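Q: I'd like to learn how to read a few features off a protein model. Can we go through them one at a time?

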Amino acid sequence: MASFNLTRSDPSTFILMGIPGLEAAHVLFSIPFSIFYLLGLLGNVTVLFVVGKEQTLHKPMYLLICMLALTDISISASVMPKALCIFWFNLKDIIVAGCLTQMFFLHASMFMHSAVLVTMAFDRYVAICKPLRYTIILTNARVAKLGLMGLIRAVVFILPGTLLLSRQSFCDNFIIPHTYCEYMAMTKMSCGDMTVNRKSDLVIVSVVIGLDLTLIALSYGLIIRTVLRISSKKAHQKAFNTCTTHICVILTTYTPSLFSNLTHWFGQGIAPHIHIILANLYLLIPLMLNPVIYGVKTKELHDKVVKYICRI
């Protein structure tokens, strides 16, 4: 593979380095990354296809599963195509507008993903704590409105920072040591003082994710309180099975994210390429595992997927 010249040929482009220090192994890294990405796409597209085709699955819970699948696809699609181009073809250039667009869709999709998880927790709360009113409280139309509100929230919080950054002039070396455009890396290359913007964006992310996690914890706190009031062990088991799938999805989303952030904040002795590999896995793991979790744990969906697979 031809060596890459780090001299910028165009002042309106950035250079994404991929995994610095491990450039010679880029092709090897592309193998698991591409496999995870393709398997994740296949699984999520299968879920979307089956739910779309089966009228019996046109229910709030399955609409939420479809929203989750769409956000998983959007998050990975914002990053992986360009990362694979770096690994396979050494195409490291990305225009500033492309970098900003990638950053916007990545972070907006993450915020939307978090909003869907909150709505799913509310869905489980209503199903267990107010089962007789479930069909009244959670209709398909109401779920769609909640999804739209989550999308609007994501755009409102992410778009201003992206537009503000697009107005900045960049005067550093324009090299981003990552596989995708990072907000912090771009602000460091800005000629202006971005300290206030960095702090405000950190506050926004902390408040939004903190609020979402609080609402999820509150939902499950109320669920646990309701379940403990029931004397039937069979009812306990049914409630546990109802919530297990959503809890697994929460763990696949927030655990890799927490681990990646902890190594970034407190792991100063950890090599930079470890941070980058973890950051990419954090985006791929939910994409790959969520369809498997719902396909295995949700009997109705599992049966419909098996039916379509058997037809092939």
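Predicted model: local features only at pLDDT ≥ 70, side-chain atom pairs only at ≥ 80, totals over all residues.

Q: Which residues make the nonpolar surface patch here?
A: Leu28, Ile31, Ile35, Leu39 and Leu42 make it, and the patch covers about 500 Å². Take Leu28, which sits in helix 1, residues 26-53.

Q: Is Leu28 buried or exposed?
A: Exposed means over 50% relative accessible area. Leu28 has 59%, so it counts as exposed.

Q: How do I read a pair of packed helices?
A: Two numbers describe such a pair: the angle between the axes and the distance between them. Here, the axes of helix 3 (residues 96-129) and helix 5 (residues 140-166) come within 8 Å and cross at roughly 150 degrees. That makes helix 3 roughly antiparallel to helix 5. As for handedness, their crossing is right-handed.

Q: Where does Leu132 lie?
A: Leu132 is in the loop between helix 3 and helix 4 (134-137). With a relative accessible area of 82%, Leu132 is exposed.

Q: On to charges. How many salt bridges does a search of the whole structure find?
A: The cut-off to remember is a side-chain nitrogen of Lys or Arg within 4 Å of a carboxyl oxygen of Asp or Glu. The search finds 6 salt bridges. In one of them, Lys307 pairs with Glu54, with the closest N and O atoms 2.7 Å apart. This pair links distant parts of the chain, 253 residues apart: Lys307 is in helix 10 (residues 299-311), and Glu54 is in the loop between helix 1 and helix 2 (60-89).

Q: How does accessibility look for Lys307 and Glu54?
A: Lys307 is partly exposed at 31% relative accessibility, while Glu54, at 9%, counts as buried. There's a network too: salt bridges link Glu54, Lys304 and Lys307.

Q: Which residue forms a salt bridge with Glu300?
A: Lys59 does, and their closest N and O atoms are 3.5 Å apart. Glu300 lies in helix 10 and Lys59 in the loop between helix 1 and helix 2, so this bridge ties together parts 241 residues apart in sequence.

Q: What about a bridge inside a helix?
A: Look at Lys299 and Asp303, whose side chains meet at 2.9 Å, N to O. Both lie in helix 10, 4 residues apart, about one turn of the helix. Lys299 is exposed at 61%, and Asp303 is partly exposed at 37%.

Definitions and conventions
Residues numbered from 1 in each chain as written. Heavy atoms only, no water. Patch = residues over 30% accessible without salt bridge, like charges linked within 9 Å, V, L, I, M, F, W, Y side chains within 5 Å. Areas by Shrake-Rupley, 256 points an atom, 1.4 Å probe, with all protein chains shown as cover. Helix = DSSP H or I, 4+ residues; strand = E, 2+ residues; numbered from the N terminus. Buried < 20%, exposed > 50% of the residue type's maximum accessible area, 1.4 Å probe, protein only. Axes fitted to C-alpha atoms, helices over the stretch in contact; angles between N-to-C directions. Parallel < 35°, antiparallel > 145°, perpendicular 65-115°, else oblique. Left-handed = near helix turned anticlockwise from the far one by under 90°.
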